[in-house]
Amino acid sequence: MSITPPTQRRRGLGLLTAFALAATGSVTGVAALPTAALADTAEPAAPVDYFADAYPGLGEDSVFETVTFERFEFLLGQEGTYAFLFGGTEDETITATIPHINEVAKQYGVEKIYNFDPRLDGDAFDVRDSDVAEIAALGERLKNDYLSKDLGTPFAYDGEDPYFFIYDKDRTVGADEDRIVAALDQAKTAADLDTTAEQTAYRAEVATVFDAVSAAGTTQADLDTSSQFHFFKTENNRKHASAYGDPEKYGGDILTDADSDFRIKSITYPELVNLLESDGNHVILFGGTWCHNTRAVLKPVNDDAVRTGVETVYNFDLRLDGASSNALHIRDNYNYTSQGQARTRPTSYLYGDLVSEYLPNLKTQYQLSSANAGHQVSYYPGGDTTQELQKAPKLQAPYLLEYDRANTEEGGSAAPVVQEWIQRNEDGTFTEYMTEWWYVLGLPGYVTDEAQLALQYAFAAKAVADSKTFFDQVKLQALPSAVPTISGTARFGAKLTARPGTWKTGTKLSYQWKRGGADITGATKSSYTLKTADLGKRISVAVTGSLLGHRTTTETSAATKSVARASLKSAVPKVKGTARVGKKLSVTRGSWTSGTKFTYRWYANGKAIKKATKSTLKINKSLKKKRITVKVTGKKAGYTTVTKTSKRTAKVK
């Protein structure tokens, strides 16, 4: 499918109407009926961690997150300071250094390092030097628009580019752009880092990169992060508004902040292959921000994932740059015509091989027997043009499926597609759910005929309803959990620690501390130090457990007592000086809590001396024969206020 202006889409109205007619009178079953016998529920595998799988020795829960080309370019255009790892599993430097970068990053409190692999498929199609013009153009765009705008380590694709760098698009030196804040660009091999001394020296190099964005004398890197939700919300809303400017006809924003519990995660091609080779059941959505039909169902799909406890819906965009319909769109024929010229699509085998190997029971609207060449995907297996051209069934975007590589038909044949979100027609064919955001909302778009609108609304409603059915049937077990408790004293400055209790082995736990029942921004670790904002409030912690094959579960602790002020360390002050008219007295405070602010009040025979509120007192004649005292009051945010009184002086002479 492709994006076309609303005026051109009228030509496709008959097709959409045919879909809607099928929905109203010629359908058997519902979209989410399983296509295969469900495999017996076995012990679920651990959550898929691409980096742990791809880089032996790195381990789980690293700071790295992959980004597609589209999201990489998005981040490069965002305000803020971000850390990037440029390369993939085929780069020896990356495989040698990634565990060390991860270790140092954690020491510096880094939450995310975004990893872009310039080999879009993890192997053959490298934006830096591809002989496929469309792919090479992407590399030039990255270099010219972003990565070369630097004084010290600009990208040149000469083998000496940075592989680990910190980037700020707004950073300048004088009038010159200097976007790369700090970087490492010297190639490394495993042999370069096979001794303790070499590893220690290299980690010191990594530390210098983080030092560039850390306050002097600290190991806390000041780096920004950008969530999957922020990317999806920004780009889907932007593209929808750009194509359909009238919200009264076409609807407004696709996603809002109310959708921030976002379960959809964009993944790269290597990640998709790794996912399909992983144990357990996974929900996968094919489609992209460019696709108006995908945008139409993004919110309902996410809502259903949240409702049913599906932790992650993996989203793969069949357009490797998130936009183009040329050679970057792997789900189209090897041979095609563009602007009247015959062209080839060398990337088509990425789709054909993937469907052939991992999705043998894929159900699609378009049939391989169709005489329309556009209803299949032709490809050379493995990209080898000496072999015979093959055909693969062509799915449409959006396409939602549940996958379990161990699943089989009743007869024992492989059926890894457990179920798909698709309409089954009485004649044995299928209709894929390509609807529009405005029909989901009950808005007319460009259609004025009431009968046509009724059909479109019915089809959109069925798409949304069958998404619910699909997610209701995803194989998820209840997750054995426990109600957490909190240890520590509810007093300002004290550290509270969450005790999660016993959860099922392999469960990944996350934490959210709450103040008066509301989330505390940034308080997502297993411990929390009480702040001034917590005074007088009760604190609780929500522990969320996730385990593949199980429903994501959240348990919340009982609240603490109201947070009290801390005790201020204090001392009895002493008056220094001679109690004689014309002399000056001063006060020695003694030892108090660091950071305490003080006020003073002097007294004569127990009565306050007018305007005597400094740390010194000049004795005048009116004080003769009186005994002098001073009260020192200490205040500090979060602490109790304390007042201490000195001993009396001798009578003033």
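**A guided tour of selected sites**

The side chains of Glu65 and Arg71 make a polar contact at 2.5 Å. This structure is a predicted model, and the tour begins at that pair.

Select Glu65, which is placed in strand 1 (residues 64-66). Is Glu65 buried or exposed? Glu65 counts as buried, because its relative accessibility is 13% and the cut-off for buried is under 20%. Next, display the surroundings of Glu65. Leaving aside neighbours within four places in sequence, Glu65 is in contact with Phe51, Arg71, Lys112, Ile113, Tyr114, Asn115 and Gln228.

Now select Tyr157, found in the loop between helix 6 (133-147) and strand 4 (164-168). Tyr157 also counts as buried, because its relative accessibility is 16%. Which residues are in contact with Tyr157, leaving aside its neighbours within four places in sequence? They are Val127, Arg128, Gly139, Glu140, Leu142 and Lys143. Of these, select Arg128: it is 29 residues from Tyr157 in sequence, while the C-alpha atoms are 6.0 Å apart in space.

The last stop is a sheet. Strands of a sheet pair through backbone hydrogen bonds, either parallel or antiparallel. Here, four strands form an open sheet in the order 22-21-24-25, and their pairing is antiparallel. Colour strand 22 (518-519) and strand 25 (553-556), the edge strands, each of which pairs on one side only. Then select strand 21 (residues 508-515) and strand 24 (residues 539-546), which run antiparallel and are joined by eight bridges. To finish, select Lys514, whose bridge partner in strand 24 is Ser540.

How values were computed: Residues are numbered from 1 along each chain as its sequence is written. This is a predicted model: local features need pLDDT of at least 70, side-chain atom pairs count only at pLDDT 80 or more; totals for chains, interfaces and linings use all residues. Side-chain values use heavy atoms; hydrogens and water are left out. Two strands pair if DSSP finds at least two bridges between them. Helices (H or I, at least four residues) and strands (E, at least two) are DSSP runs, numbered from the N terminus. Buried means under 20% relative accessible area, exposed over 50%, partly exposed in between (1.4 Å probe, protein chains only). Contact means heavy atoms within 4.5 Å. A polar contact is a pair of N or O atoms within 3.5 Å; within protein, one must be able to donate a hydrogen and the other to accept it, and residues adjacent in sequence count only if both atoms are side-chain atoms.
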